[in-house]
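Morning, everyone. Please have the structure open while I talk. I'll take the overall build, then some local details, then the interface.

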Amino acid sequence: MNERVIPWQPTVIAGPKQAMLVTPETAKMMLKKSKRPLFVIGPLVEGDPIMKLTMEIADHWNLPIATTGNVYKIFKERGVETTPYGIVEIVNLLKDPDWNGVNGDGQHDLVMFIGCIYYIASQGLSTLKHFAPHLKTLTICKFFHSNADASFPNMNDDEWLKYLEKMKYD
Amino acid sequence: MAPKDFKEDFWKSKDIKISIGEITQDEVGEETQETVQMGPTPKPHVTDLREWDMKLMERYEPFYAPFCDMCCLCTYGKCDLTAGKKGACGIDIKAQQARMVLLACCIGAAAHSAHARHLLEYLIEKRGEDFPIDLGMNIDIEAPIIRTLIGKAPKKLGDLREAMDYMEEQNLHLLSACHTGQEGSNIDFESKALHAGLMDNLGKEIGDIAQIVALNMPKGDEDAPLVEMGVGTVDRDKPVVLCIGHNVSSGAGVIDYVEDEGLEDNVEVCGICCAAIDITRYNQHAKVIGPISKQLKFIRSGVADVIVVDEQCIRTDVLEEAKKNQCKVIATTDKMCLGLPNLTDEDADKIVAQLINNQIEGALILDPDKVGEVATKVAMQIADDRGMLKLLPDMDEIQKMAKECTECGWCTRVCPNSIPMMEAVMGASEGDFSKMEELYDNDVCYTCGRCEQECERDIPIMSIMAKIGENKLKEQRFNIRAGRGPIQDVEIRKVGAPIVLGDLPGVIAFVGCTNYPEGAQDVAKMAEEFLERNYIVVTSGCGAMTIGEYRDDEGKTLYEKYSGDFDAKGLVNVGSCVSNAHIPGACIKIANIFAKKPLEGNFEEISDYILNRVGACGVAWGAYSQKAAAIATGVNRWGIPVVLGPHGTKYRRLYLGRTDKEETWQLNDMRTGNVVNGEPAPEHLLYAAETREEATVAIAKLCIRPNDTSKGRQLKLNHYIDLHKKYFGDIPEDVYKFVRVEKDIPITYKKDVKDILEEKGWEPRQLIQEPSIRDFKEKKKSSGK
């Protein structure tokens, strides 16, 4: 099996439905197609260059940001407004088709994740896989997430940084 | 005259809610008559508390995170339940998750309760069924869970059998519901899981009360002694007997033999996991190695000459591991026999001879006294010969082993926490052991050994870890306050009012196992944070040991720094896993002693009281086991919220509230008869946090209750805001939801909070006098049987 699409923690494999491996080009297509995307940023994004890249990606695609864990604080210190949620709280809201979204504009149709702790993210993605048919999930971590609809592959840091650089532009 | 023996379903079949004049017989045989006001649900069956469960779940809807998309429990399967598909039996993914939760809770409840049953029968055999249940002068409400569920107080050891029989019957019904083609609703699976959790709480109370009274453990003693703890406390030059598990009987057998033979100065008796806590409650000369996270490290160190295993949370490869350094294993219960010959009826000296001559790898001995004799004699006879085996590979050898690393990285990938093990091994290969030390310290690596299993070069990573940790042996000396057991009635009288009115900001219980996301220190840091803020901190089991392994800036452990009082700034170690029962027990006693709520058969009223008035919150930061699932689910049913660490999402189900659904927070004011708009307090019933910082803020918020006075609400909001500012950098935006009237606003943050209130268009709300989620008129209970 292609090592790039074995889940980073291999035992999170849950069943036959596996994520589609995507490149930055496909990920950007998904963002372009989305009407109400959301960017969920977790506590592993705590320093540059990743933090700077995530801010630039959010800015370019005009993405509202939900921060999980306590990463809200360092984004605030960098002047970036985000909405803090526990990861289980935001997933719980995302699975409800009637929720009005982070900005009150309606439920999101695409949720892009980065920097959440791998196994809790995997659990959250499992929730959305089963109970949120109204939205797609995309992960741009350096780890393959089999429970997402679409995921970057397992990568080393250099390759990942190049992927993220590409996400800053159309 | 003996008490009249009503049929078990008498109360339900007659739908009688109050019984007056139950005849009981006191311990000296004189006939007395006690007036017992019996509530509606004595010995509740699976379905009797279903309405309460539904009320909880209306507000705290189950949140599922499937750990597996399939069901593989019957031969129809495997069935793929992804995205709306049903299995061959018709089950859907929600019901399947809830079914697995029920199964986990049944396993957990069975583990605690089978342990309790074994202890109970063993202690009855030792002390007699008429041995009195006497917890001393300061504890009259000695079994609050039994009183509430069974409807009567146990007076003698033999009385505990009635509660045990009831629990076992209930667990059987619950387990049967897991069979294919039984329950089909996730909500009803949940109700059953809540019942299984409740049965778990009951089983634990039976077990701990039995051992406290029969083995003369501390009886609610706030000044219980400090006992030594840590890998560095064991004298490696002496014969060492290590007890692992949870059942004190075999460890007590070892201690008794050592004492009877006057060998206290010649033999080291130590323990890992709850067995350690309970043997030190029995005898303070025993030593605590530490929580479950120490298991493989310590076994690999070769220090133990004999390992005595009883039940629960023991490595199932303990025999294989022990054989590596010629350590002997004695299995002592039916739960874990390890394929060893049953020598219970054999002469002790013959068993000793067979073990030291290597005729057998170990022995199954089901008699605790014989375990004590055999374990001690074997340890004393083989310790000298094992001297060299107590030494792990030297540092040069470690470096050589580490050089085998191919940098494939799979050690890190299979690690539950993805810790940088490969970097640590690579460092060791170059003679730099600092990275490995960082993983050893605070149990960042809790030595599950998955990395070693995966290593393509068979590098003994755990042995390397154990050896490098030995460099810091002198630092591995801590202490823990011996488990005190229940909370005294007099303490409840003192703090009941401040807790219910909110003047005391909360009671926080750190319990559970050591599946920590980033090491053990996080638990101690959380405990320290809340101790400094005047909360009551309660702890038990591995959580209690973890807290003892931390030293503050002055080098003191938290047990040295804080008293064992159940009061503000008190750090209360109740004891082992089964002692957890005293934590909901304390909340129940607040309802009974402070608010005069009758307990007998009155579960719903008591739980409703706790949910709305007692600012308690459980924290199981490293919960891993089915027992922990049952514990949390049980206390949830009593109305106590619990915060789990990130691994807790693998339990598949949380109970989450929705603050945006205001109608779910409405409360019934039992005094005025009005329906009142409430606040999301507590906001969640079972929550998993991703980081310690997030958890700390969540814990403070989850101590808020509708019954808080304005003074109490100010205090609680002050801590919530303080902690939010500390860890999130600003005032929490949702603070307006918890401000009912202006008097609730903390003075320190008045302006900031007022700005938020204005921005949110806040209006003052009616204060509630007797908050409840129960109906105004109590509905007729179904008999359920």
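**Chain B, from domains to interface**

Let's start with the domains. Chain B is divided into five pieces: domain 1 (1-36), domain 2 (37-214), domain 3 (226-385), domain 4 (395-475) and domain 5 (478-772). Keep in mind that this is a predicted model.

Take one pair of these. Domain 3 and domain 4 of chain B have their C-alpha centres 27 Å apart. How many residues does each side bring to the contact? Domain 3 of chain B gives eight residues, and domain 4 of chain B gives 13 residues. On the domain 3 side of chain B, the residues facing domain 4 are two nonpolar, four polar and two charged.

Now the whole chain. Chain B carries 28 helices and 23 strands. Its C-alpha atoms fill a box of roughly 75 × 70 × 60 Å along the principal axes. As for contacts with a separation of 6 or more in chain B, 75% come from residues 24 or more positions apart.

Next, a sheet. Three strands of chain B form an open sheet in the order 21-20-23, with antiparallel pairing. A quick reminder: strands of a sheet pair through backbone hydrogen bonds, either parallel or antiparallel. Which strands sit at the edges? Strand 21 (675-676) and strand 23 (771-772) of chain B, each pairing on one side only. Strand 20 of chain B, residues 667-669, pairs with strand 23 of chain B over two bridges, in the antiparallel sense. Looking at residues, B:Asn668 has B:Ser772 in strand 23 of chain B as its bridge partner.

On to the backbone details. Two cis peptide bonds are worth a stop. In chain B, the bond from B:Ala681 to B:Pro682 is cis, with omega near -10°. B:Pro682 lies in the loop between strand 21 and strand 22 (686-688) of chain B. In chain A, the bond from A:Asp48 to A:Pro49 is cis, with omega near 5°. The loop holding A:Pro49 runs between strand 2 (37-41) and helix 2 (50-61) of chain A.

B:Gln312 has phi near 70°. Find B:Gln312 in the loop between strand 10 (306-309) and helix 10 (318-324) of chain B. B:Asn358 has phi of about 60°. Its loop joins helix 11 (348-356) and strand 12 (362-364) of chain B.

Buried or exposed: where does each of these two fall? B:Gln312 is buried, because 25 other C-beta atoms lie within 10 Å, and the cut-off is 20 or more. B:Asn358 counts as exposed, because it has 10 C-beta neighbours inside 10 Å, and the limit there is 12 or fewer.

Last, the interface. Here, 32 residues of chain B are in contact with 34 residues of chain A. Which elements of chain B supply at least two residues each to that side? They are strand 3 (61-64), helix 14 (410-414), strand 19 (653-656), strand 22, helix 26 (692-702) and helix 27 (710-728). Strand 22 of chain B is also one end of the loop that holds B:Pro682. By class, the side of chain B touching chain A has 18 nonpolar, six polar and eight charged residues.

Terms used. Residues are numbered from 1 along each chain as its sequence is written. Chains are lettered from A and ligands numbered from 1 in the order in which they are written. This is a predicted model: local features need pLDDT of at least 70, side-chain atom pairs count only at pLDDT 80 or more; totals for chains, interfaces and linings use all residues. Helices (H or I, at least four residues) and strands (E, at least two) are DSSP runs, numbered from the N terminus. Two residues are in contact if their C-beta atoms, placed from the backbone, lie within 7 Å. Domain bounds come from an automatic or database domain assignment. Ala, Val, Leu, Ile, Met, Phe, Trp, Tyr, Cys and Pro count as nonpolar, Asp, Glu, Lys and Arg as charged, and the others, Gly among them, as polar. Two strands pair if DSSP finds at least two bridges between them.
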